[in-house]
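Hi,

Here is the structure I said I would pass on. Have a look at it first, and my notes follow below.

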Amino acid sequence: MMRGALVALVAALAVPAVLPAPAARAQDATLSDNKPKFGPDAAPITQDRDYLRRAEAPDFWALMPYYVPQQTGSACSVASVAMMINALRGLPTSSTERLVTQNRVLNEVDDDVWKAAVGENGDGVSFADFETYVRRSVAAFGMDAEVEVFRPKDSSPETLAELRRILTENERSSRDIILLAYDQGTLTGDATVGHIAPLGAYDPQSRRVLVMDVDRLWYVPYWSSDEKLLEAMVKPDRSDPTGSGMIRVRLRGGIAERTTP
C-alpha cells in the first residue's frame with residue numbers, strides 16, 4: 001500500500017460528513033464545556049494508523065469505500081446495515097446497479113416500525129430488534145450468509161477470551177462483517193447513549209478494536225481496547241437493560257441474482 005494514498009485517506013477522514021439534521025443527544029452541549037473530543041479510552045484514526053500501515057485489515061478496506069453518516073440522530077442501525085451490505089456485496093460490476101443506501105435498506109425491508117425508529121426524533125432500536133432487522137436485510141438483498149449473535153452477560157475473563165477469539169477470527173477475511181451494539185460514551189468519554197457501528201479492524205497484538213462510528217457529526221473512526229468494548233456492550237441502557245452485544249454476518253456463498261428496482 002502506498003503511504004501517500006493512506007495519508008490522503010486519513011486526511012479525508014478528518015473532516016466528518018454532516019448529517020441532514022443535528023442529532024438529538026445530550027452531546028449538544030455549550031461551547032463552554034470545552035472537553036477533549038475523545039476521552040482516555042479512545043484514540044482517533046487520525047492519530048493512530050500504524051496497524052493499517054502494517055496489516056492487511058481486510059474489513060477496514062472492505063468498509064471504507066462505503067463509510068456513511070447516519071442520516072438522522074437515531075439511524076445508526078440502518079447506516080451500519082447499509083455499510084455491511086455494501087462491504088459484503090462489493091462494488092457492482094454493472095453500470096446500471098446502484099450502491100445500497102440507507103433509504104434503500106429501509107424500503108427493501110419495508111418495516112414501518114424500523115422506519116419510525118430511525119426517523120428524525122425516533123427512539124432507535126433495541127438489540128433484539130436490531131438482530132431481526134439484520135436478518136431481514138440479509139434476506140432482502142439475496143445474501144447467502146450466516147448471522148451470528150454474541151451477547152455477553154458479563155465482563156469475566158472467560159467472556160473476554162471468547163470475544164477475543166471471535167474478533168481474531170473475524171479479522172482474517174473480508175467475507176464477514178461485525179456490527180457492534182454498545183454504549184458510545186463508555187468508549188468516547190462523552191454522552192452515555194446506546195449506539196451501533198461496524199467494526200473496522202481488530203489488532204490482536206495491542207488488543208484494540210477500530211470502531212467505524214457512523215455518528216459522523218461528532219466522530220471519526222477510533223481505536224479502543226477490547227476490554228473497554230466488552231464493558232460498553234454489557235452496560236445497560238433504556239432499550240436494553242441487560243446490555244447489548246454484536247452481530248457477525250458471514251458470507252457462505254455469494255449474492256443471489258436480483259433485479260435492481
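D183 has G194 as its bridge partner in β4. Keep in mind that this is a predicted model. That bridge brings us to the pairing of strand β3 (residues 176-183) with β4, which is antiparallel and runs over five bridges. β4 also pairs with strand β5 (residues 208-211), again in the antiparallel sense, this time over four bridges. Over in β5, the bridge partner of A201 is L210. The hairpin of β4 and β5 has four residues between the strands, and R207 takes a positive phi near 55 degrees there. As for burial, nine of the ten residues of β4 (residues 194-203) are buried, so the rest of the structure largely encloses this strand.

Next, have a look at S80, which lies in helix α4 (residues 76-89). With a relative accessibility of 0%, S80 counts as buried because the cut-off is under 20%. Its side chain reaches the backbone oxygen of C76 at 2.8 Å. Leaving aside residues up to four places away in sequence, S80 touches L179, I196, A197, P198 and V214.

Then there are the aromatics. The structure holds six aromatic pairs. One of them is Y51 with W223: the ring centres are 5.8 Å apart and the planes are at 85 degrees, so this pair is edge-to-face. Y51 lies in helix α2 (residues 50-54) and W223 in strand β6 (residues 222-225), so the pair ties together parts that are 172 residues apart in sequence. Both partners are out of the solvent by the numbers: Y51 is buried at 6% relative accessible area, and W223 is buried at 1%.

F60 and W61 also make an edge-to-face pair, with 4.9 Å centre to centre and 85 degrees between the planes. Which of these is buried and which partly exposed? F60 is buried, at 0% relative accessible area, whereas W61 is partly exposed, at 30%.

Last stop: ring pairs link F38, Y219 and Y222 into a cluster.

Cheers

Notes:
Residues numbered from 1 in each chain as written. Predicted model: local features only at pLDDT ≥ 70, side-chain atom pairs only at ≥ 80, totals over all residues. Heavy atoms only, no water. Phe/Tyr/Trp six-rings, centres within 6.5 Å; stacked < 30°, edge-to-face > 60°. Helix = DSSP H or I, 4+ residues; strand = E, 2+ residues; numbered from the N terminus. Buried < 20%, exposed > 50% of the residue type's maximum accessible area, 1.4 Å probe, protein only. Polar contact = N/O pair within 3.5 Å; in protein donor to acceptor, adjacent residues only side chain to side chain. Contact = heavy atoms within 4.5 Å. Pairing = 2+ DSSP bridges.
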